[in-house]
Amino acid sequence: MADDKKLTPRSEDFATWYNEVVQRAELADYSPVRGSMVIRPWGYGIWENMQRALDDMFKETGHENAYFPLLIPMSFIEKEKEHVEGFAPELAVVTQAGGKELEEPYVIRPTSETIIYSMYAKWVQSYRDLPILMNQWANVMRWEMRTRLFLRTAEFLWQEGHTAHATAQEAEEETLMILGLYRTFMEDWIGMPPITGLKSESEKFAGAVRSYSCEALMQDNKALQAGTSHFLGQNFAKQFDLKFQSEAGQEEYAWNTSWGVSTRLIGGLVMTHGDDSGLIVPPRLAPIQVVIVPILKGDDPSAVLEKVDEVAGRLKAAGVRVKIDARDNLSPGAKYYEWERKGVPFRLEIGPKDLEKGSVALARRVVPDGAKRKSFLPEAQAVAEMPDLLEAFQSELRDAAKARREENTVRGVKSLEELEEALDGGAGFVFTGWNGEPAVEDAVKERTKATIRCLPGDEFRSAETPSKCVSGSGDSVTEVAWARAY
RNA sequence: CGGGGCGUGGCGCAGUCCGGUAGCGCACCUGCUUUGGGAGCAGGGGGUCCCCGGUUCGAAUCCGGGCGCCCCGACCA
């Protein structure tokens with residue numbers, strides 16, 4: 001008999017492990033539509049918690065939500081040259097509606113810069129109308145050749161922020177502020193600490209002047225671009241006539257930024273924290289933080305169920321998201337495996353023995369070295385300490401991920417041979433000098449499949465600034481972080 | 001688009017080479033006994049064998065043509 005209860009171990013086949021976790025933790029499932037997935041309640045619940053946290057952060061920094069159409073006139077996409085070149089191959093186009101051929105085709109938005117800035121142009125006359133700070137929660141579609149659950153789907157959910165400013169400096173400050181906001185969110189909520197920095201010219205967003213990104217390191221040591229923030233300059237403003245009259249009375253084009261994170265973050269969460277038993281959800285994002293499994297013995301389960309209700313009520317009052325799993329068709333062990341697979345941080349078991357002793361059994365989803373998975377403690381203590389236990393669990397996940405990122409980062413690499421050796425030896429990020437030439441990126445990619453993930457920001461740079469380019473030709477003009485990427 | 005693997009009850013698979021009217025495990029339903037790490041026994045329900053065409057008395061199986069999915073590559077915020 002094939003044992004289909006166990007997951008493929010990460011060490012055996014990371015890609016298969018990932019697919020199994022996503023499906024068996026009920027995050028998502030394949031749909032009848034090519035490349036599009038169904039996000040199931042457990043996955044969507046995590047996304048809702050991400051949305052809530054991010055939305056609060058956007059509002060705190062002065063942004064408002066709005067909504068723009070799904071369909072964008074083809075001519076809009078074509079206005080910005082680099083933009084259309086970047087997106088043309090992956091557009092889905094609507095040519096018919098109402099039983100008739102459309103006069104002008106619509107594209108299903110791959111991103112909304114064009115339609116949003118066309119509207120901003122209507123709304124802005126004076127510098128007094130700026131800045132405009134808007135965000136949209138939406139779905140977008142990009143017809144990718146090869147898709148993977150959450151990491152690259154044809155349709156995905158995201159937020160896209162779009163701002164317009166009177167000066168380049170203000171727009172640049174916005175771009176970097178959002179980059180920092182994303183980083184904080186990834187560290188404090190997902191427990192997935194990224195490195196951040198500027199994209200190289202070849203990797204920047206189609207239509208941007210500069211792109212910044214958050215790059216997180218997964219357990220297989222591949223990098224995941226987890227969020228981007230773009231300084232668009234006046235590229236779109238000029239094409240969509242987004243002008244304003246300045247304080248000095250001059251007519252000027254506005255300066256734009258755009259920035260986004262998507263449901264890809266859920267894929268990042270899985271590959272950052274998951275283990276061979278399944279998913280592990282950071283407490284702040286977990287739809288259920290504590291599951292209570294009643295142990296029902298003998299003829300009369302009512303006393304245990306009453307106690308379970310009472311404990312759940314007190315945990316809820318303390319702000320903890322609790323679920324009672326009182327299904328009577330499953331044994332306790334089967335429930336344990338299920339909730340562990342789904343990544344719930346803590347489990348409480350309450351049975352007849354606990355009623356006698358006033359205790360509960362507390363099991364952790366992640367067991368620290370040398371500790372035991374289960375501990376037995378007084379009920380009052382378990383309830384009182386739970387909020388702190390959840391926060392401690394959250395921090396442990398983040399710290400472990402950060403430690404893993406640093407352990408797998410190699411600095412001070414000075415030649416292509418060393419770079420290749422490091423990557424083949426399983427390194428994640430490899431820091432080197434770079435002369436700024438795209439030819440070096442091509443050569444490295446050809447040889448190692450790694451790309452420049454970013455030109456790291458101040459605090460991620462090495463103590464010793466590299467002086468020579470990793471290619472051996474010329475001086476380094478900047479340090480760069482290389483990695484194989486998703 | 002190139003290479004590889006695969007389409008058979010909800011899931012995972014066997015059966016295909018060698019044609020004979022579909023089977024196993026899990027899941028599901030009913031009953032009883034159970035429940036502190038994937039419960040047991042008994043009974044039961046469920047399948048256009050991816051699609052179209054051909055060969056044949058007869059096709060999951062043979063032949064031809066499609067379609068779809070997964071992995072690796074190429075490509076891609």
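1. What share of the atoms of RNA strand B within 4 Å of the protein belong to sugar or phosphate, and what share to bases? Sugar or phosphate accounts for 42% of these atoms, and the rest belong to bases. The model is predicted, so that local features need pLDDT of at least 70 and side-chain atom pairs count only at pLDDT 80 or more, while totals for chains, interfaces and linings use all residues. Residues are numbered from 1 along each chain as its sequence is written, chains are lettered from A and ligands numbered from 1 in the order in which they are written, and side-chain values use heavy atoms, with hydrogens and water left out.

2. Around RNA strand B there are 39 residues, of which Arg142, Arg146, Gln225, Ser331 and Asp354 come nearest; a residue is near a strand if one of its heavy atoms lies within 4 Å of it. By class, this surface has 15 nonpolar, 6 polar and 18 charged residues, where Ala, Val, Leu, Ile, Met, Phe, Trp, Tyr, Cys and Pro count as nonpolar, Asp, Glu, Lys and Arg as charged, and the others, Gly among them, as polar.

3. The elements giving two or more residues to the surface near the strand are α1, β8 (155-165), β11 (223-233), α10, β17 and α11 (352-357), and α10 gives the most, with 7 residues. Helices (H or I, at least four residues) and strands (E, at least two) are DSSP runs, numbered from the N terminus.

4. Glu340 also belongs to the lining of the largest cavity, together with residues including Val291, Trp339, Phe346 and Arg365. About 60 Å³ of space lies in this cavity, and its lining divides into 6 nonpolar, no polar and 4 charged residues. A cavity is a set of points on a 1 Å grid over the protein atoms alone where a 1.4 Å probe fits but cannot get out, and lining residues have an atom within 4 Å of a point.

5. Ala25, in the loop between α1 (14-24) and β1 (28-30), has a relative accessible area of 0% and is therefore buried (under 20%, with a 1.4 Å probe and protein chains only).

Key
1 Å grid on protein atoms, 1.4 Å probe; cavity = no way out; pocket = protein on both sides within 12 Å on 5 of 7 lines; lining within 4 Å. Points joined across faces, edges and corners; volume = space filled by probe spheres on them. Buried < 20%, exposed > 50% of the residue type's maximum accessible area, 1.4 Å probe, protein only.
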